[in-house]
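Good morning, everyone. Please bring up the model on your screens, and keep the sequence beside it.

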Amino acid sequence: MTKLQLLAKLDELKSDYVRIQSDMDKLEYVKGRVSSAEEQLIRLEGEIAEVNRQLDEIDE
């Protein structure tokens, strides 16, 4: 992937993360099940870390 593609992917992942985090906050407020949202956040954190690692490699 090019640097531009990685940056676009990073923006998409961050947007998804914020959306899911907001959904999770709403679920907590109504005492809903948040475990699925937590799992998605953990997965996204891993993907964000991987894209950042790839960007670091490109910048070296």
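Two ground rules come before the details. This is a predicted model, so local features need pLDDT of at least 70, side-chain atom pairs count only at pLDDT 80 or more, and totals for chains, interfaces and linings use all residues. Residues are numbered from 1 along each chain as its sequence is written, and side-chain values use heavy atoms, with hydrogens and water left out.

Let's start with the helices. Helix α1 covers 3-29, and helix α2 covers 35-59. Helices here are DSSP runs of H or I with at least four residues, strands are runs of E with at least two, and both are numbered from the N terminus.

Now the record. UniProt has an unreviewed entry that lists residues 10-54 as "coiled-coil region". UniProt positions are in the numbering used here, feature names are shortened, and annotations may be inferred rather than shown by experiment. What does the model show for that span? Residues 10-54 are 89% helix and 0% strand. Their end C-alpha atoms lie 11 Å apart.

Next, salt bridges. A salt bridge here is a side-chain nitrogen of Lys or Arg within 4 Å of a carboxyl oxygen of Asp or Glu. How many does that rule give? The count is six salt bridges.

Take D16 and R19. They form a salt bridge, with the closest N and O atoms 3.9 Å apart. Why can they pair up along the helix? D16 and R19 are three residues apart in helix α1, so about one helical turn separates them. R19 also meets D23 in a salt bridge, at 3.8 Å from N to O. R19 and D23 are four residues apart in helix α1, so again the separation is about one helical turn.

How covered are these side chains? D16 is partly exposed at 24%. R19 is partly exposed at 45%. D23 is partly exposed at 33%.

E57 forms a salt bridge with R53, and their closest N and O atoms are 2.3 Å apart. At 47% relative accessibility, E57 is partly exposed. R53 is partly exposed at 37%. E57 and R53 sit four residues apart in helix α2, so about one helical turn lies between them.

Now the charged patch. Which residues form the negative surface patch? They are D25, E28, E38 and E39. Patches are made of residues with over 30% relative accessible area and no salt bridge; like charges are joined within 9 Å, and nonpolar side chains (Val, Leu, Ile, Met, Phe, Trp, Tyr) within 5 Å. Accessible areas come from the Shrake-Rupley method with a 1.4 Å probe, and for residues only the protein chains shown count as cover. Asp and Glu count as negative, Lys and Arg as positive, while His and the chain ends are not counted. Each charge is placed at NZ of Lys, CZ of Arg, CG of Asp or CD of Glu. Both α1 and α2 supply at least two residues of this patch. E28 belongs to helix α1. At 42% relative accessibility, E28 is partly exposed.

On to the loop between α1 and α2. V30 lies there. V30 is exposed, with a relative accessible area of 57%. From V30 to I42 is twelve residues in sequence and 22 Å in space, C-alpha to C-alpha. K31 lies in the loop between α1 and α2 as well. K31 is exposed at 74%. Look at its backbone: phi of K31 is near 60°, a positive value in a residue other than glycine.

Are they buried or exposed? L44 lies in helix α2, and L44 is buried at 1%. L41 is buried, with a relative accessible area of 7%. L41 and M1 are 40 residues apart along the chain, and 23 Å separates their C-alpha atoms.

That is my tour. Thank you.

Terms used: Buried < 20%, exposed > 50% of the residue type's maximum accessible area, 1.4 Å probe, protein only.
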